[in-house]
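Here is a protein to look at together. Keep the structure open as you read.

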Amino acid sequence: MRRWNGWGDESVAYPLHEGALAFLADRIGAGTPFADAPFDAACASLAPSRLAGLQPPAGVALHTDAPTRVRHALGQSLPDWLRLRYGCIGTAPDGVAFPESGADVRALLDWARAQRVTVIAYGGGTSVAGHVTAQPAARPVLTVSLARLAHLVHLDREAQLATFGAGVFGPDLEAQLRAHGCVLGHYPQSFEYSTLGGWIATRSSGQQSLRYGRIEQLFAGGTVETPRGTLQIPAFPASAAGTDLREIVLGSEGRLGIVTEATVRVSPAPQYEAFHAVFFPGWEEGIAAARALAQARAGLSLLRLSNPTETVTMLALAGHRRLVGLLERWLRVRGCGDGKCMLLIGVSGTRAQARSALAAALATCRGQRGRHVGRMLGDKWRQGRFRNVYLRNAAWQHGYAIDTVETAVDWPRVTATMQAVEAAAAQALAGCGEAVHAYTHLSHLYAQGASVYSTFVYRLAGDFDTDMARWRALKGAVSAAIVANGGTISHQHGVGTDHAPYLAAEKGAEGLAAIRAMLRHFDPDGMLNPGKLVTEPA
Ligand SMILES: Cc1cc2nc3c(=O)[nH]c(=O)nc-3n(C[C@H](O)[C@H](O)[C@H](O)COP(=O)(O)OP(=O)(O)OC[C@H]3O[C@@H](n4cnc5c(N)ncnc54)[C@H](O)[C@@H]3O)c2cc1C
């Protein structure tokens with residue numbers, strides 16, 4: 001069963017070992033564990049449903065019970081966690097509907113418009129930017145879960161196109177494709193619990209986007225039910241027929257309509273896949289190699305460069321102290337001591353393609369004094385790629401919060417942005433009398449620049465207001481640092497509520513006005529997910 005107040009399946013634990021706890025205590029002080037609010041108390045705190053007793057469209061399941069409402073009230077951002085863990089749910093949907101077809105979604109939107117009900121589309125609820133949280137509103141709020149629209153509708157192997165119900169979760173989507181020898185290749189870290197519709201609506205990016213592309217490249221067309229009517233977007237290999245309507249659906253965050261079916265570009269399953277690790281003496285060498293590899297368009301499936309603090313942290317959290325100790329001694333005599341950086345390199349395709357891409361990549365790395373250490377760390381990363389997220393649960397149990405931010409900037413600004421974000425986090429938490437353990441990796445690499453992804457670990461105070469104040473201080477400071485350095489407010493997590501105040505910095509007044517006008521066209525009454533993406537001007 002899925003955890004109601006944390007990440008993932010209740011039966012999966014990813015404990016922090018003694019060494020990892022000592023590592024954290026050394027850097028930011030020992031955490032203090034405290035009890036979470038019980039589920040029953042969270043349910044009891046909800047206001048009565050304003051949809052109870054209303055008759056939904058024929059044949060559509062509408063649940064107004066408190067447990068279902070709590071389970072669909074919040075996403076996975078740190079403020080969402082604070083509200084769940086402390087039992088301060090606040091606003092919750094008045095009901096959750098489970099349509100089983102596009103026609104059900106159409107009927108729900110027509111019904112909601114007639115009843116003056118606000119509608120929030122809900123995929124997997126893995127948003128980390130406040131996307132699925134109901135705003136305090138005079139109107140009742142209906143969350144529409146796409147969980148029952150999860151099937152492979154059509155597969156055209158010749159055209160390499162697959163059409164799915166938009167509520168399909170990552171593992172189910174890949175399993176249905178694998179049965180036909182295909183993959184989509186979209187692997188966000190939230191893969192286990194995020195959905196195709198959510199990926200499209202938030203412009204998501206998967207860990208192997210270097211090979212398969214971001215969701216923008218994978219989304220070929222589909223069906224969107226909007227309050228005004230049905231938007232059907234056909235899939236063409238390419239088109240010069242004016243504005244591409246996919247672009248207005250991508251990143252629309254549930255404000256334009258509900259994606260019911262999506263057609264995606266699939267690939268034959270790779271025959272071979274491997275992940276290798278290379279260490280560099282320092283950041284300068286690592287980033288030079290990473291940039292050269294990205295700009296060579298070298299046929300790799302993954303490049304992920306950790307800065308020195310992240311490298312140390314990953315090695316400390318890995319356990320296996322003896323093996324890591326041996327590795328570090330081996331690296332030290334080869335010039336990679338304190339300050340070393342780890343680069344993960346993924347190769348996929350036929351064995352011959354993978355071997356030749358890897359050989360070329362390692363030659364580039366050697367030019368920057370990179371030391372190839374083989375596949376062991378890469379294999380470990382692959383095993384843990386969707387499991388490391390469970391560390392958030394374990395850290396919380398020991399009194400630590402983990403939060404992340406991400407942006408993308410051009411190469412000349414990558415290092416300065418990384419440093420500014422980490423420094424801003426340290427300063428913000430120092431203002432709260434706390435220390436932060438901040439570390440960064442470049443998660444997605446392009447010829448033009450890279451995504452800069454920073455993680456922050458800091459102590460929880462154990463009460464809602466203080467922890468919310470700490471998060472606000474941190475989030476405000478790092479967001480301001482991103483904007484000041486010319487970064488986008490989000491490379492992959494979207495805007496939601498948490499990033500909305502910073503959107504004007506990159507869209508400008510005219511850009512925001514155009515987005516608002518476009519949303520108003522499809523949703524004239526403003527009934528879809530208000531307060532997300534763009535706020536209405538005062
Ligand atoms: C631990 C963790 C790791 C993550 N790693 C990544 C990562 O590597 N890459 C990445 O891109 N993101 C990542 N995310 C963020 C998150 O998983 C993505 O934003 C994801 O795309 C959200 O999908 P979802 O199905 O959970 O959508 P939800 O959270 O349910 O919804 C997100 C938004 O999309 C809208 N929406 C959902 N479905 C539809 C639909 N069918 N039609 C219209 N609108 C819809 C919602 O209304 C909402 O505004 C991570 C999140 C967590 C918690």
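**Domains and ligand shell**

Reader: How many residues of domain 2 are in contact with domain 3?
Author: This is a predicted model, in which local features need pLDDT of at least 70, side-chain atom pairs count only at pLDDT 80 or more, and totals for chains, interfaces and linings use all residues. Residues are numbered from 1 along each chain as its sequence is written. Contact means that two C-beta atoms, placed from the backbone, lie within 7 Å. Twelve residues of domain 3 meet residues of domain 2, and the number on the domain 2 side is 14.

Reader: Which element gives the largest share of that side of domain 2?
Author: Helices (H or I, at least four residues) and strands (E, at least two) are DSSP runs, numbered from the N terminus. Two or more residues each come from β13 (302-306), α12 (308-317) and α11 (283-295). The largest share is five residues, and it comes from α11.

Reader: How far apart are the C-alpha centres of domain 2 and domain 3?
Author: The bounds come from an automatic or database domain assignment. It puts domain 2 at 272-385 and domain 3 at 390-484. Their C-alpha centres are separated by 24 Å.

Reader: Which element gives the most to the shell around the ligand?
Author: The ligand is surrounded by 37 residues, with Gly-197 and Gly-198 among the closest. At least two shell residues each come from β3 (118-122), β10 (258-265) and α7 (196-202). The most, five residues, come from α7.

Definitions and conventions:
A residue is near a molecule or strand if its C-beta atom, placed from the backbone, lies within 6 Å of it.
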